[in-house]
Amino acid sequence: MPGVMNLDSVACARCDDGFEPKAKIVNSNGELFHSSCFVCAQCFRPFPEGVFYEFEGRKYCEHDFHVLFAPCCSKCGEFIIGRVIKAMQSTWHPECFCCEMCHKELADLGFIKNQGRALATNVTPR
C-alpha cells in the first residue's frame with residue numbers, strides 16, 4: 001500500500017527509540033523523529049511554526065542559529081542572513097555597505113578605500 005511504512009524497523013533520528021503505531025512522527029528530509037525529539041540542538045525547544053535552520057547536520061531554531069552562526073552587520077548591528085558583504089575588515093548587509101559621500105550601495109559597484117572610508121569609484125574624495 002503506497003504511503004504506508006512498517007514502523008518495526010524504523011527508529012527516531014535523535015533518541016534511536018522506535019515508534020508506537022499511532023505516534024506522531026516528524027519527517028525532516030527523510031529523517032524521522034518523535035515530535036518531542038524534533039527540537040533545537042542548542043535550546044532543546046520545539047521549532048516555532050516548524051521553522052528551523054540546519055548547519056553541519058544539526059537543526060537550530062532561528063534565534064539560536066543567528067546567535068551561533070550569523071555575522072552581524074557593521075552598520076546596523078543586525079544579524080545577516082543571506083548575502084554577506086565582507087569588506088574593509090567588516091561584514092555588511094548589501095544595502096548597508098554604502099559610499100560614505102554619495103550613499104550609493106557599493107556591493108555590486110565596487111569601491112575605493114580612502115582614509116578608512118568606502119567610497120564609490122566615481123566620487124572625488126574630499
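In the predicted model, Phe55 has a relative accessibility of 32% and therefore counts as partly exposed. Phe55 is placed in strand β3, which spans residues 53-55. Together with Val67, Leu68, Phe69 and Phe79, Phe55 forms a nonpolar patch on the surface. The accessible area of these residues together is about 400 Å². The most is given to the patch by helix α1 (residues 62-69), with three residues.

Nonpolar residues are also gathered in the interior. In soluble globular proteins, nonpolar side chains tend to be buried together. The largest nonpolar core in the model comprises 13 residues. Within this core, the residues with the most contacts are Cys12, Phe19, Cys40, Phe47 and Tyr60. When residues up to four places away in sequence are not counted, Phe47 touches Phe38, Val39, Cys40, Phe52, Lys59, Tyr60 and Cys61. Another core, of ten residues, lies apart from the largest one, and Ile85, Trp92, Ala118 and Ala120 are among its members.

The charged side chains were examined next. Side chains of opposite charge can pair when their charged atoms come close. The count of salt bridges comes to three. In one of them, Glu31 pairs with Lys59, and the closest N and O atoms are 2.9 Å apart. This pair links distant parts of the chain, since Glu31 belongs to strand β2 (residues 31-34) and Lys59 to strand β4 (residues 58-60), 28 residues apart. Lys59 also meets the side chain of Glu54 in a salt bridge, with an N to O distance of 3.7 Å.

Lys59 has a relative accessibility of 7% and, because buried means under 20%, counts as buried. Glu31, at 34%, counts as partly exposed, and Glu54 is partly exposed with a relative accessible area of 39%. Lys59, which counts as buried, is also one of the residues touched by Phe47.

A further salt bridge is formed by Asp108 and Arg83, with the closest N and O atoms 2.7 Å apart. Asp108 lies in the loop between β6 (90-92) and β7 (112-114), whereas Arg83 lies in the loop between α1 and β5 (85-87), so the pair ties together parts that are 25 residues apart in sequence. Asp108 counts as exposed, at 63% relative accessibility, and Arg83 counts as partly exposed, at 44%.

Terms used:
Residues numbered from 1 in each chain as written. Predicted model: local features only at pLDDT ≥ 70, side-chain atom pairs only at ≥ 80, totals over all residues. Heavy atoms only, no water. Patch = residues over 30% accessible without salt bridge, like charges linked within 9 Å, V, L, I, M, F, W, Y side chains within 5 Å. Areas by Shrake-Rupley, 256 points an atom, 1.4 Å probe, with all protein chains shown as cover. Salt bridge = Lys/Arg side-chain N within 4 Å of Asp/Glu carboxyl O. Helix = DSSP H or I, 4+ residues; strand = E, 2+ residues; numbered from the N terminus. Buried < 20%, exposed > 50% of the residue type's maximum accessible area, 1.4 Å probe, protein only. Core = buried A, V, L, I, M, F, W, Y, C linked by side-chain atoms within 4.5 Å. Contact = heavy atoms within 4.5 Å.
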